[in-house]
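Thanks, everyone, for making the time this morning. I would like to walk you through one model, going from a single residue out to the sheet, the rings and the charged pairs.

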Amino acid sequence: MKNSIKLLSIALLVFLTACNNSEKQVQNNIAMYSQTWDDIINEGNLDLINDTNFTEDITLISSPENVVGIDAFKDYYSNFVTGFSDIEFSIVDVFGQGDKLVKHWHFKGTHSGNFFGIPASGKKVDVEGTTLVKMKDGKIAQEQDFMDNMVFLQQLGIVSNPENVGIIDGIYKSFNAGDIPAVLAVLDDNVEWIEAEGNAYADGNPYIGPDAVLNGVFARVGADYEYFNVVDVNLHEMSNNQVLATLRYNGKLKKNGATIDTQVAHHWTLNDGKVTGFQQYVDTKQLHDANNK
């Protein structure tokens, strides 16, 4: 019995020691991994992508093909370090078991340089993601990132926000309902609004900011027209967060009772749900003739 108890105690001690060693190794891996990526991304120290911190065959699981090897891995991440400024990279949470780690990360930056061939846009990105990591002998051996690439591309302006068309549709509906405050609420504080050349309201081009648009365009339309509506609106989603609208103006001037029914196009530019640019194209001759009857 005593021998059995002794053997059980030894086995338990060996098990606990192994558990402690495993836990210690996980903590060492976490500390090394976290510090390495903090220095690479936040400090821009790409030289840390070397055979001290990464295995020779470090692999980034990717599509259509994996990124394999220290040089290829370094080239890949140089796009982030040189493509963005004002970088803020943080590890929200990280945990592990054995040689495997799971990282929840947060990346912010300004697209101020070449990023995988995409020229600087000045746009800001703010994305989160998760990375599955495999360690080997205290080095980073494999990574696989998971993030919402569609949101990332939308923030870069490569893919338009699918809500843009709905936002512009709402502007036209609010305008026809006479809810000008609702229209102004969707305009960016620094919106650049341009009326068509030859239009009487183009004398203030470009109108900068919602107040300028209100006083220089909407207030004058209200003063000049007995009624003024936009009809037959068709919206066309474009790249880089732009929307093209084709429509018609229907209106009646107060001063002479002349009516208009003219073809129009509007080019809208948006950012984060706000209108940052507007360009009008209209048959200005018809508008001029109506005003001079």
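**A threonine and its surroundings**

Leaving aside neighbours within four places in sequence, Thr-131 is in contact with Tyr-33, Leu-101, Val-102, Lys-103, Trp-105, Glu-143, Gln-144 and Asp-145, where contact means heavy atoms within 4.5 Å. Before I go on, please keep in mind that this is a predicted model, in which local features need pLDDT of at least 70 and side-chain atom pairs count only at pLDDT 80 or more, while totals for chains, interfaces and linings use all residues. Residues are numbered from 1 along each chain as its sequence is written, and side-chain values use heavy atoms, with hydrogens and water left out.

Thr-131 sits in strand β5; helices (H or I, at least four residues) and strands (E, at least two) are DSSP runs, numbered from the N terminus. With a relative accessibility of 0%, Thr-131 counts as buried, given that buried means under 20% relative accessible area, exposed over 50% and partly exposed in between, using a 1.4 Å probe and protein chains only. Its side chain makes a polar contact of 3.0 Å with that of Trp-105 and another, of 2.5 Å, with that of Asp-145. A polar contact here is a pair of N or O atoms within 3.5 Å; within protein, one must be able to donate a hydrogen and the other to accept it, and residues adjacent in sequence count only if both atoms are side-chain atoms.

**The sheet**

In what order do the strands of the open sheet run? The order of the 6 strands is β2-β1-β6-β5-β4-β3, and the pairing is mixed; two strands pair if DSSP finds at least two bridges between them. Strands β2 (67–68) and β3 (84–97) stand at the edges with a single partner strand each, so one side of each is left without a neighbour in the sheet. Strand β1 (residues 54–61) runs antiparallel to β2 and is joined to it by 2 bridges, with Thr-59 standing opposite Val-68 in β2. Helix α2 (residues 70–83) packs on this sheet, touching β1, β2, β3, β4 and β6, and its direction makes about 60° with that of β1; the axes are lines fitted to C-alpha atoms, for helices over the stretch in contact, and angles run from 0 to 180 degrees between N-to-C directions. Helix α3 (residues 149–156) also packs on the sheet, touching β3, β4, β5 and β6, at about 140° to the direction of β5.

**Rings**

There are 26 aromatic pairs in the structure, where rings of Phe, Tyr and Trp (its six-membered ring) pair if their centres lie within 6.5 Å, planes under 30 degrees apart counting as stacked, over 60 as edge-to-face and the rest as tilted. One of these is the edge-to-face pair of Trp-37 and Phe-54, at 6.0 Å centre to centre and 85° between the planes. Trp-37 lies in helix α1 (residues 2–42) and Phe-54 in strand β1, so the pair ties together parts that are 17 residues apart in sequence. Both Trp-37 and Phe-54 are buried, and both belong to a cluster linked by ring pairs that includes Phe-73, Tyr-76 and Phe-152.

**Charged pairs**

To finish, the structure holds 6 salt bridges, each a side-chain nitrogen of Lys or Arg within 4 Å of a carboxyl oxygen of Asp or Glu. Among them, Asp-261 and Arg-248 have their closest N and O atoms 2.9 Å apart.
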